[in-house]
Amino acid sequence: MAKNYTQDGRLLTVTAPAAVSSGDMVKVGSIFGVAQNDAANGASVVIDTEGVYSLPVASAVAVGIGDALYWDVADAEFNKTAAFNWFLGVAVTAAGNGVTSAQVRLNGFMPAAAGV
């Protein structure tokens, strides 16, 4: 291992941008992940940037296994629309129209810029 290695980067400790509960999606700058613990605004929270989680999806969208999913910051849910949203993962379970959650495999990608 390289002498300058610090961590694998999947689990990151960040400052909570607002009060969060374990399981919430957290956005800090261009870093996204699922909170692993409850944290008050400004407190440290560990986020997982790559795991598979049951997360909210837009109820009006039918999601198929393998569909690319984009996080809509304004609505706090995943959808299949790239415009003004962040590509953060793929569906590993289907969610029909009217279903409000699906299992999402986060891609660990931290985009440099997006339309939000």
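Start by selecting Tyr-70: in this predicted model, Tyr-70 has a relative accessible area of 18% and is buried, because the cut-off for that label is under 20%.

Phe-87 is partly exposed, with 32% relative accessibility. Show both side chains and look at the rings: Tyr-70 and Phe-87 make a tilted aromatic pair, with 5.5 Å from centre to centre and 55° between the planes. Colour the strands next. Tyr-70 belongs to strand 6 (residues 68–72) and Phe-87 to strand 8 (residues 86–91), so this pair ties together parts that lie 17 residues apart in sequence.

Step along to Trp-71 and bring up Phe-78 with it. What kind of pair do the rings of Trp-71 and Phe-78 form? Their centres are 4.9 Å apart and their planes meet at 65°, so the pair is edge-to-face. In total, the structure contains 3 aromatic pairs, and you have now visited Tyr-70 with Phe-87 and Trp-71 with Phe-78.

For the last stop, select residues 25–28 and 31–35, which are strand 2 and strand 3. These strands run antiparallel to each other and are paired over 4 bridges. Pick Val-26, then find Gly-33 in strand 3, its bridge partner. Finally, move to the turn of this hairpin, where 2 residues sit between the strands. Which residue there takes a positive phi? Click on Gly-29: its phi is near 60°.

Methods:
Residues are numbered from 1 along each chain as its sequence is written. This is a predicted model: local features need pLDDT of at least 70, side-chain atom pairs count only at pLDDT 80 or more; totals for chains, interfaces and linings use all residues. Side-chain values use heavy atoms; hydrogens and water are left out. Rings of Phe, Tyr and Trp (its six-membered ring) pair if their centres lie within 6.5 Å; planes under 30 degrees apart count as stacked, over 60 as edge-to-face and the rest as tilted. Buried means under 20% relative accessible area, exposed over 50%, partly exposed in between (1.4 Å probe, protein chains only). Two strands pair if DSSP finds at least two bridges between them.
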